[in-house]
Amino acid sequence: CGVNENGYLNLIKVRAGLSGSMHSQGLDKEEIQTASLELEWDMEKELEEPCADGFQLEPAENRIAGGSPGVAIPELDHIEPSVSPHGRFERLEEDPDYVTHFTRPISKGQRNSVCPVVRYLLVGTALFVLGLIVGRFTRSTPGSVSAPPWLDLQTDICYQLFSSAEDPVALYLLRQWTELGLTDVHLVNYSVLLSLPSSSPNTITVKTSGQCFYPNRQPCHTGSPQPTSNNQLFSFAAYSASGTLEGEMFDVQYGNIQDLSKANASTNGTNKIALLKLGQAPLLYKLSLLVEAGFAGVLTYVDPCDLPRQEDLQSKAFSITLNPGGDPSTPMYPSIAGSYRELRADLTSLLVQPISASLARELLSLPEFLKKGHCIPLAAPATQVRKTIVLTIGTKTSYKTIHNVIGYLKGATNPDRYVLVGGRHGSWLGDAMNEWSGGAAVMTQIITSLTIQARKGWQPDRTTVFCSWGGSEFGNIGSFEWGENQVVLQSNAVAYISLHHPVSGKGPLHSVASPSLLQLVSDIHKKLLNCTRRGNCTGPNVNSVQTSGDVNFFANHLAIPTAEFAFQETSKTSFLSEAFFPDNSSVLETLDPSFSLHETVAKVTGAAILRVVSDPVLPFYPLDIALEIQNKLKGGELSSEELLQKAASLRESTAFFQSEMMRPANDPKERDPSHVRMLNDVLRDLERSFTVPQPPPGLYRNILYNLNVHATEFSILKDAQDMQRQDKMNQSLSQVLNAINSAERLIRSGLELFENDPTQTN
């Protein structure tokens, strides 16, 4: 079968008036689209012809309005059938006939409308009414300047910052997705408990000198009151304990077991305050260790030496959340009408306050930052006399409404199997325009491409569910609440494709994928990006690491395969994304003024969505899971011979399953629809075998994910080893063993469905 040369994903227009049109007067449809992408995805001939497994990406016909004259749209090649990369992903030798073959005639009923005049009148009337509602929230005052109206925030109404930014964007997405042709587009609203700062900023006072600082190192106002900025108010830890704490400060570096052992050996005090660096491990995990070590307060900061490059962040404080996920007042069940509400204003006994690196340097009595030269990590001098700190934190809780926007593109063959595509709208400081210019814009234009083809008669095999989440920065509240209220997802969700933050830096394209999708994402990297974007063919930057964002619920609680593409700077340590630094300028103007990075993310994400929703056999590779397990056990000190043997057995079973079950199922001559459906259910459920019930705080329940790209063993085994507790080691080893056994039983049950026995292959 040849590749259809007419199939392509083509960026036709990117309208971005970088000087004038960036200064929007509201959320009118045409104005918003000037700050987003317009994709046109021609798949008609590709889906009509058999054996058209790929699609070709052509260069844009138009340049970017207002962009640099030399900026060109990269020309990208078509996606070929999955080819196993060498090196990290060892594979069985690929069968040359392993090609996806499928064709579907286009129904005439899908092309014709029964009653177009009545339908258009009804739709037009509904959109007109909805437009009036949206206009009520988004209309600008005559003569207003660049920023949309919800960005004109007042410092004395901090309780309204969050909701005032989120409402208009959610309403706009609702209208836009409905007009584009998604079905059952609706808002899902939840009244949830949010932790917000009080009317006065938090303070840090050095008792011996009497110096009082705000979190960004600015001195506290004395005498007559002065106006307080939003950045000062929102330099706080959501769901932290409140009050005033006086205690000695201890430099615990990154807060690992070794650092805390040194701190405990030097004091027996009770009101200890830790000076903690963000990074290397999840913040919630480190806070749990500090509680066990007897600390009562925490000052956390980002060491400038850990940043991708020494950006001007030394004097900036930031915000963090201590919420592991969802509405704290309804833990593990949805916040719907009639639900019991628990009063959980504080999710920790610690008083936690994020501070700037410059204030950390002040508290450590270190010299000023070096302008040039080698970066020296911050650390307390060995002879330093400990300072007594007075920490004053004020947070308040309030029930606020968050909004999710949900829309469906129905599948034809398996409409009850859902591929979820999710992003967020709104942000911590109410700068919703930045979020619109990111994931929401990319998602909306992917929707545009797909619905254009759907109106021509094309339908995916599986249903695509597009989700825009609210309340993400407070602990992924929107995604958790929606997922907890959707029992059908437990059996019907297939995969989650994330657009949480597609462009956060100008570095290379990083991709995070669960082991099942490593092969697919690696292929997309190689075919669509690495050999075309900058003229080099470096290896794909793909890994299975634990990351922040709304993917949390789907990777952990549903345990379905996940993938995310994002441009970001290469950090020297992990988990720095837990810090929310204030944005003083639009991401469009600073990171991606020509939209070329957003365009690339749209293309690779669209390629992944197309494969997952359309391939008859899901492009999940169980052999990757087995190989990941073997690599983790080989690098761990706690691995036993029994574990290694079980891992080897799982590899044999998955290799047979992948070669003898998956490949024939892709051939239409041998494909039985009922068997293919059962085969896909096995592929979908495999990662669920690797969820543990109660991992350490902050660690993923899905143990297939690593803490960082350099991790060589399971995170729960690493934690047990660091704790030096034999009972915990035994428990963690048992959980890993049970997970491997469960996965092999699932694979063998799938083999039995096809009446094959791997012991007879020789």
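Of the 762 residues in the protein chain, 58% count as buried, that is, under 20% relative accessible area with a 1.4 Å probe and protein chains only, where over 50% is exposed and the range in between is partly exposed. This is a predicted model, in which local features need pLDDT of at least 70, side-chain atom pairs count only at pLDDT 80 or more, and totals for chains, interfaces and linings use all residues. Residues are numbered from 1 along each chain as its sequence is written, and side-chain values use heavy atoms, with hydrogens and water left out.

The protein chain has 21 helices and 19 strands; these are DSSP runs numbered from the N terminus, with helices (H or I) of at least four residues and strands (E) of at least two.

Let us turn to one helix pair. Helix 19 (residues 673-685) packs with helix 21 (residues 726-753) at an angle of about 175°, the axes being 10 Å apart. Axes are lines fitted to C-alpha atoms, for helices over the stretch in contact, and angles run from 0 to 180 degrees between N-to-C directions. Helix 19 and helix 21 are therefore roughly antiparallel, a term for angles over 145 degrees. In contact here (heavy atoms within 4.5 Å) are H675, M678, V682 and D685 of helix 19 with L746, I747, G750 and L753 of helix 21.

Finally, two backbone exceptions. Most residues other than glycine have a negative phi. F595, however, has a positive phi of about 65°; F595 lies in the loop between helix 15 (587-590) and helix 16 (596-614) and is buried, at 1% relative accessibility. S365 has a positive phi near 55° and is partly exposed, at 48% relative accessible area.

Methods:
Angles under 35 degrees count as roughly parallel, over 145 as roughly antiparallel, 65 to 115 as roughly perpendicular and the rest as oblique.
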